Amino acid sequence: METTLTHESWTSVQKIAFRFAFLAIGLFILIENNGAYPFYDVIMAYPGELLHIFIPWVGKNILHLSYDITVFTNGSGDTTYDYVILFVILCLSVTGTIIWSLLDRNRNNYSKLYYWLTVAVRFYVGLMLFNYGMYKVIKMQFPFPGVGRLMQPYGNSSPMGLAWTFLGFSKGYNLFMGLAEVAALMLLFRRTVTVGAIITLMTTANVMAVNYFYDVPVKIVSTSLVVMTLFLLLPDLKRLFKFFLTGEAVSLPVMPAPAIRKKWLKITGYSLKYVVIAYAVVVGSIELVSASREYGDAAPKTPLYGAYFVKSFVVNHDTLPPLTTDSTYWKHLIIQWGEYAQIRFLNDSTRGYSMKIDTVARTLYLKQRLDTTNKSLLAYQMVDEKNMLLKGTIKNDSVSILLKRKTENDFLLMKRGFRWINEYPYNR
């Protein structure tokens, strides 16, 4: 007879392992929810503020870190703060397991508690992956390479930047990845948990591999998704092994839910489940579509959008020679987002600028982001579709700059397109 976690009598090892898993997984979901549950950020607002005090204290007084923790979870999920949280979760889980094991030695099993833990895990993984998947279906997580990325020297990209360029280039591949992640919604229903977990294991393992090998700072969360998916597959591992490797006939039983005798409580439970699913799917999709029109590939571009190559650079009526050691002569002007521009100089140094475009007065206002005293007001004139002339002052010097514009369609990467027939590999 196969051993499962729903048998009436568990071994001591199973009970101890479950206690640790319950505490570790439960604490991780509570603290590192990552927006999986609707409205959870509102519920955890005050506890989050307490953690912002407690975790730095642990880092300073218990781990004796050589620096204070001042950066919390942001675009990076692998901050020092997050790793100290893992340390705290581990300590609490080990301590809690020991105390729990001493106080509850005689219990036969934790079947009901195990079921509700799987519910928490299923919704955590399922809703989070749905959210990530929709970001790919609508193509917001990995945007098309903009002119700034296309102008960047290939070898100067970070490993993460390389991954984002590769993944963002193809709308079809984004759709493929997104639908595979959206399939995690099958985890929310008991009859499809196993097939959903098999698909999810493949998708989360791939995400984890990208995060590790391209240095994407979401290693903690992606690893947790793999671990939790394996946790969901644990009762069926022996059956799946037989099915895939021995050819024996097997059946995958549906995990039984604890009996709820009160009808109103049962109706309330099912209603809450489908309200959460409906809210996450419908409202989440509407919000993403709306956000894509403001931030994604569908967002409107500034009228001067493009990568500009300097053809001539005149300062105080003198045409400067293009010396590669010059930190004054512009090499490229990148205008990609509505309020941001970047200038690359001949010595390949770059500076970021806040930017305002007045299409009525035809002026371009630039203010250096790190040196706000460095600001310029330049009049622009589109000589033709591809050439622009800038005139004004930069640091009290009069300038006249002639530039040639390139857009994405001028780059081989973006205009090559899909070909069914290739007589020879087109690897450039």
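1. Strand β6 and strand β7 (residues 375-382) run antiparallel and are joined by five bridges. Strands here are DSSP E runs of at least two residues, numbered from the N terminus, as are helices (H or I, at least four residues). Two strands count as paired if DSSP finds at least two bridges between them. Leu366 has Ser376 in β7 as its bridge partner. Six residues lie between β6 and β7, and the two strands form a hairpin.

2. This is a predicted model: local features need pLDDT of at least 70, side-chain atom pairs count only at pLDDT 80 or more, and totals for chains, interfaces and linings use all residues. Residues are numbered from 1 along each chain as its sequence is written, and side-chain values use heavy atoms, with hydrogens and water left out.

3. β6 (residues 363-368) also pairs with β5 (residues 350-358). The sense is antiparallel, over six bridges. Ile357 is bridged to Leu364 in β6. β5 and β6 form a hairpin with four residues between them. In that turn, Arg362 has a positive phi of about 55°.

4. Elsewhere, Phe20, Leu90, Val94, Ile98, Ile99, Leu102 and Leu103 make a nonpolar surface patch of about 680 Å². Patch residues have over 30% relative accessible area and no salt bridge; nonpolar side chains (Val, Leu, Ile, Met, Phe, Trp, Tyr) are joined within 5 Å, like charges within 9 Å. A salt bridge is a Lys or Arg side-chain nitrogen within 4 Å of an Asp or Glu carboxyl oxygen. Areas come from the Shrake-Rupley method with a 1.4 Å probe; for residues, only the protein chains shown count as cover.

5. Helix α4 (residues 80-103) gives the most to this patch, with six residues. Leu90 lies in α4. Its relative accessibility is 45%, so Leu90 counts as partly exposed (between buried, under 20%, and exposed, over 50%; 1.4 Å probe, protein chains only).
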